[in-house]
Amino acid sequence: MCPTGSVLHSEATGQPNLRSAFDVLDVDRDGKISRDDLRTSYGGFVGEDMIGTMMTVADFNKDGYVEFEEFEKVLDSSRNRNGEEKRKNGTLGGGVNVMEDVFKVIDKDGDGKVGVEDLKSYLNLAGLQVDDDDVKAMIKLGHGDEKGGVTYEGFLQILSL
């Protein structure tokens, strides 16, 4: 459980809780991710072409939405049997590294680290109300510090706790 009370991993497997990640992207909380949800989630940091690509990759039944099962299938297809990420030319499975993209969106100044304000701003945008102490605790869990922030590897550490 992270400091905000959200469970970001499965207690049984220790793997990231895909439901939590899905819920962050499902901005309107209707049980499916739409193009509008992605526009809101990425806050203008990602263009329409990237949103279209994400939808094409994940919307297997071509109904214009990504349901949880489709979301899970995309992310699970990027992992091997041990739960480790498969890499192909530095990206996950089919050429899309979702977590790297999320990290880049959160890292507003592009310095390669997510600081307190970056993470707090993104979590608030995603509808998760957190205070500075919660965010500082998350960054410490990722082996970062409140002044410098957390690297991509530390960010992944936060999600896997």
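Which residues have the most contacts inside the largest nonpolar core? I looked this up first. The core has 35 residues, and Ile33, Leu38, Tyr42, Phe71, Ile106 and Leu119 have the most contacts inside it. I took a nonpolar core as a set of buried Ala, Val, Leu, Ile, Met, Phe, Trp, Tyr and Cys residues joined through side-chain atoms within 4.5 Å. Buried is under 20% relative accessible area, exposed is over 50%, and partly exposed is in between (1.4 Å probe, protein chains only).

The model is predicted; local features need pLDDT of at least 70 and side-chain atom pairs count only at pLDDT 80 or more, while totals for chains, interfaces and linings use all residues. Residues are numbered from 1 along each chain as its sequence is written, and side-chain values use heavy atoms, with hydrogens and water left out.

Core, continued. I listed the elements that give two or more residues to the core of 35 residues: H1, H2 (35-42), H3, H4 (68-76), H5 (98-106), H6 (116-125), H7 (132-141) and H8 (152-160). H5 gives the most, with 5 residues. Helices (H or I, at least four residues) and strands (E, at least two) are DSSP runs, numbered from the N terminus. I then checked Leu119, which is in contact (heavy atoms within 4.5 Å) with Ile106, Val114, Val135, Met138 and Ile139, leaving aside neighbours within four places in sequence.

Fold. I recorded 8 helices and 4 strands, in the order α-β-α-α-β-α-β-β-α-α-α-α along the sequence. Buried residues make up 38% of the 161 residues.

Glu67. I found Glu67 in strand S2 (residues 66-67). Glu67 is buried and has no salt bridge, a salt bridge being a side-chain nitrogen of Lys or Arg within 4 Å of a carboxyl oxygen of Asp or Glu. The nearest side chain of opposite charge is Lys32, 5.8 Å away; Lys and Arg count as positive and Asp and Glu as negative, with His and the chain ends not counted. Not counting residues up to four places away in sequence, Glu67 touches Phe22, Gly31, Lys32 and Asn61.

Positive phi. Most residues other than glycine have a negative phi. I noted Arg29, with phi near 55°, in the loop between helix H1 (18-25) and strand S1 (32-33). Arg29 is partly exposed, at a relative accessible area of 45%. I also noted Lys62, with a positive phi of about 55°, in the loop between helix H3 (48-58) and S2. Lys62 is exposed, at a relative accessible area of 57%.
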